[in-house]
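Please keep the sequence and the structure in view while reading.

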Amino acid sequence: MTTAITIRQLPMEAKQKLRLRAATNGRSMEAEARAILVNALEEPTRADLTWIQQLIEVGNLVGGVDLPEVPDGPATAADFNRS
């Protein structure tokens with residue numbers, strides 16, 4: 001199943017680049033935009049997890065981190081009668 005979309009307020013510079021890229025690839029602007037969108041969505045999502053690695057490195061620099069062990073117990077029931 002295919003569907004149509006409209007892209008409003010596309011900057012003129014982007015439209016010109018799309019036109020040139022489409023001509024280079026021998027496609028219409030519509031076909032080029034479709035190819036760009038489909039290709040971009042097929043790439044795996046990349047999450048920036050560098051902060052985790054940085055945190056690990058800082059922990060290693062200071063000799064590790066000992067976190068207190070918190071005893072796990074049953075949760076207390078919510079009291080909805082309190083005001």
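A residue is called buried under 20% relative accessible area, exposed over 50%, and partly exposed in between, with a 1.4 Å probe and protein chains only. By that scale Arg34 is partly exposed, since its relative accessible area is 44%. The model is predicted, so local features need pLDDT of at least 70 and side-chain atom pairs count only at pLDDT 80 or more, while totals for chains, interfaces and linings use all residues. Residues are numbered from 1 along each chain as its sequence is written, and side-chain values use heavy atoms, with hydrogens and water left out.

Arg34 is also part of a salt bridge, with Glu30, at 3.0 Å from N to O; the term stands for a side-chain nitrogen of Lys or Arg within 4 Å of a carboxyl oxygen of Asp or Glu. Arg34 and Glu30 are about one helical turn apart because they are four residues from each other in helix α2. Helices here are DSSP runs of H or I with at least four residues, and strands are runs of E with at least two, numbered from the N terminus. Glu30 is exposed, with a relative accessible area of 57%.

The structure holds four salt bridges. One of them joins Lys17 to Glu13, with the closest N and O atoms 3.3 Å apart. Both residues lie in helix α1, four residues apart, or about one turn of the helix. Lys17 is exposed at 53% relative accessible area, and Glu13 counts as exposed at 53%.

Which residues are linked in a network of salt bridges? They are Arg21, Arg27 and Glu32. Within it, the side chains of Glu32 and Arg27 meet at 2.7 Å, N to O. Glu32 counts as buried because its relative accessibility is 1%, whereas Arg27, at 38%, counts as partly exposed.

On the surface, Ile5, Ile7, Leu10, Leu37 and Leu41 form a nonpolar patch with about 540 Å² of accessible area together. Patches are made of residues with over 30% relative accessible area and no salt bridge, like charges being joined within 9 Å and nonpolar side chains (Val, Leu, Ile, Met, Phe, Trp, Tyr) within 5 Å. Accessible areas come from the Shrake-Rupley method with a 1.4 Å probe, and for residues only the protein chains shown count as cover. Leu41 belongs to helix α2, residues 29–42, and is exposed at 66%.
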